[in-house]
Amino acid sequence: MRLMEANLINGKHASSAALATEADSATSCSTPSKHELGQYLTPSYVADLMAGFFANLPETIQLLDAGAGEGALTAAFVRRFCTSKDRPKRIEVTAYEVDHNLIEPLQTKLARCQKECHLAGIEFETTIVNDDFIHCVVPILRADLFSQGINNFNAAIVNPPYRKLRSDSSARLLLRSIGIETSNFYSAFVLLIARLLSVKGELVAITPRSFCNGPYFEPFRIELLQTMALRRIHLFDSRSAAFGKDKVLQENVVVHAVKNEQLSDVVLSNSSGRPDGKVTERRVSYSEVVSPTDPEQFIRISINETGVPDDSALSSLGNTLTDLNLSVSTGRVVDFRARHFLRDQAGADTAPLIYPTHFNGNFIAWPKERSRKPNAILISDDTRDLLVPSGFYVLVKRFSSKEEKRRIVACVYNPTLIPAPLIGFENHLNYFHRAGAGFSSDVALGLAAFLNSTAVDMTFRQFSGHTQVNATDLRKLNYPSLSSLEGLGKKISSPMTQTELDTLLVKELFHANQ
């Protein structure tokens, strides 16, 4: 076992410059917390699950563990191959770990791995690099632009750090020097690993699911999918199951991919994320996961339920918002920037200010008494551009709470219930409009019902693993025709259960399109 010591810093996966600028409470003489550094150690049962995804490795395995921690992932990898029929002859491990406090337990874990391999008749060698992964490998990859021969790893297993990469950090500048533009450490780690892998090298990574959609991760998705062929994607039924003790709110996903390999079917699987949890899986065509006609390369992870229309049914609707002459925008009122104009109660010189707290069934309920949020915004030359004219609008929460069953929660702003010439929509809302104004009541009711359906929720979950709903995400959906929305809206009664709403949607929209 070799231990390579370089520029030691206190914290996992973070450069010295990054710590100085990115950890809010860190100083040059303090140790940043696990939360500040995005450090979440992998539970052993999750590590075992990940190790089981490797499929076709050669007799000599050269394994990269880019965020080794205490060695759980490498240990699971060794257990998997020491007990399998397809045992390799040799395993060579290179483990990067920047936190010197974890080096001793990592050494202990890898010493046990060596004993396991010896008993199984497998040669074992390991090198521990006690340094920052990004700062170590970027210069190597930059040199590789002019030379060959560094892509020696044929396997990689990783639980990278979950933390933002500030645009002015040294790590971000280093990545930019080799053409990697990404905003999070986890996506940076995955791209670096992909570049270090040899042809047909296999990667298994557990990361947040946020990379599957949205503009921020588009460059990441494009490079990853050009370099690696997806083989398996695994979801956990509970958002907190994989890292429950660490209170990780993002939904996690395990990805197995092979470098420079032919595209083929993808296995989609899921489990509870708890020890001995049952794993269910199904095989789908590659195009179901990544559409060849999608320029943004969204990664869609289908979750199908009996009796509920799936993504293919929604695709058959075939209308974009542009086709409907509708648009969706983010609320213009950012309350902390407009605080001088906010009022707790309405007055003759104010407009209603609508927050998510005003959602109440089918329609917005305003004003809300004893609310912690203001109910109105002053009408003045400074605020007029923040307001929209009275009319029917469909509002969608940008952030759904953990208690809500659906990711997309829609509600109708009804001007007959709130008589006011101007309205303010707060920034935590998206609002559907027609050229900046409202549209017909029936279309608004039909659109809100459509967005609140289980079918739309399931489709949205295919490419989004977090609670945020952006206007960009809503533009990506397929919509019914205007006449279909109008017809649906005419049949909306209040209140309706979720089952009643879904049944009506199937009858009015999907049966009509068959």
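**Nonpolar cores and strand pairing in a predicted model**

In this predicted model, the largest nonpolar core comprises 90 residues, of which Phe133, Leu192 and Leu230 touch the most other members. A nonpolar core is here a set of buried Ala, Val, Leu, Ile, Met, Phe, Trp, Tyr and Cys residues joined through side-chain atoms within 4.5 Å; buried denotes under 20% relative accessible area, exposed over 50%, and partly exposed the range in between (1.4 Å probe, protein chains only). The most residues in this core, 10, come from helix α7 (residues 185-196). Leucine 192 touches Phe133, Ile134, Val137, Val138, Leu141, Leu175, Ile178 and Ile180, with residues up to four places away in sequence not counted; a contact requires heavy atoms within 4.5 Å. A second, separate core contains 36 residues, including Ala410, Leu451, Val469 and Leu488.

Residues are numbered from 1 along each chain as its sequence is written, and side-chain values use heavy atoms, leaving out hydrogens and water. Local features need pLDDT of at least 70 and side-chain atom pairs count only at pLDDT 80 or more, whereas totals for chains, interfaces and linings use all residues.

The protein has 15 helices and 21 strands, assigned as DSSP runs (helices H or I, at least four residues; strands E, at least two) and numbered from the N terminus. Of its 514 residues, 56% are buried. Among contacts between residues at least 6 apart in sequence, 78% join residues at least 24 apart. The accessible surface comes to about 22700 Å², and 49% of this area belongs to carbon and sulfur atoms; areas were computed by the Shrake-Rupley method with a 1.4 Å probe, and for residues only the protein chains shown count as cover.

Strand β5 (residues 153-158) is mostly covered, with 6 of its 6 residues buried. Pairing of two strands requires at least two DSSP bridges between them. Strand β2 (residues 60-65) pairs with β5 in the parallel sense over 2 bridges, and leucine 63 stands opposite alanine 155 in β5. Strand β6 (residues 197-208) likewise pairs with β5 in the parallel sense, over 5 bridges; here alanine 155 stands opposite glutamate 202. In helix α2 (residues 44-51), the buried residues are Val46, Ala47, Leu49, Met50 and Ala51. Their cover includes α3 (72-82), β5, β6, β7 (228-236) and β8 (252-259).

The structure holds 0 disulfides, a disulfide being a pair of cysteine sulfur atoms within 2.5 Å. Cysteine 136 is buried at a relative accessible area of 18%, and cysteine 212 is buried at 0%.
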